[in-house]
Amino acid sequence: FAFGKNDSGQLGIGSVGGIQKKPVCLEGIKAKQVSCGYYHTVALTFDKKVYSWGRNDSGQLGQGDNHKEAAPKIVEALRDKECLQVACGCYHTLVSVSNHGVYAFGRNCH
C-alpha cells in the first residue's frame, strides 16, 4: 500500500504529484521487502525480482537512464539474478544477490 506525498512518482500509483491521503494497493507487485530513498522506492518481490519507481535523476532506479517512473518497473539488469535484499539511500540503491554479490546504482559523490 502507498500513501503520502507523490512529487516524483515515488508512491508508484501511476501518476506524479499531489498527496495520496488514503492507502492505495499497488497492483501486480507482491513485495517481500520495500525500501525508500529520498524520492524513490524499490521493492523486492517473493520471486526475487527487483522493481523501482520514483525520482531517477542520478540513475538510482537502475533502469539505465535518468527518467522518472510513476509505476513499478522491473530492473532489467537484475532480471536473471536471484535478488535477496534491497536498500536505498537518498540517491542510490543497493541490491544483494545470491552469489554474495552486491549491485549498486545511483549517485556516488561521497
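Modeller: In this predicted model, contact means that heavy atoms lie within 4.5 Å.

Colleague: With which residues is L44 in contact, leaving aside its neighbours within four places in sequence?

Modeller: L44 has its place in strand β4, which covers residues 40-45. The C-alpha atoms of L44 and A31, although 13 residues apart along the chain, are separated by 5.6 Å. Once the neighbours within four places in sequence are left aside, the contacts of L44 are K30, A31, K32, Q33, K49, V50, C83, L84, Q85 and V86.

Colleague: Is L44 buried or exposed?

Modeller: A residue is called buried when its relative accessible area is under 20%. Because L44 has a relative accessible area of 2%, the word that applies to L44 is buried.

Colleague: Which strands are the edge strands of the open sheet of four strands?

Modeller: This open sheet has the order β3-β4-β5-β6, with antiparallel pairing. An edge strand here pairs on one side only, and the two that do so are β3 (31-36) and β6 (69-74).

Colleague: Which residue in β5 stands opposite H40?

Modeller: Strand β4 and strand β5 (residues 50-54) run antiparallel and are joined by five bridges. Within β5, the residue that stands opposite H40 is G54.

Colleague: Which strands stand at the edges of the open sheet formed by three strands?

Modeller: The three strands follow the order β7-β8-β9, and their pairing is antiparallel. One side of each edge strand is left without a neighbour in the sheet, because each has a single partner strand, and these edge strands are β7 (83-88) and β9 (102-106).

Colleague: Which residue in β9 is the bridge partner of L94?

Modeller: Strand β8 (residues 92-97) runs antiparallel to β9, and five bridges join them. In β9, the bridge partner of L94 is A104.

Key: Residues numbered from 1 in each chain as written. Predicted model: local features only at pLDDT ≥ 70, side-chain atom pairs only at ≥ 80, totals over all residues. Heavy atoms only, no water. Buried < 20%, exposed > 50% of the residue type's maximum accessible area, 1.4 Å probe, protein only. Pairing = 2+ DSSP bridges.
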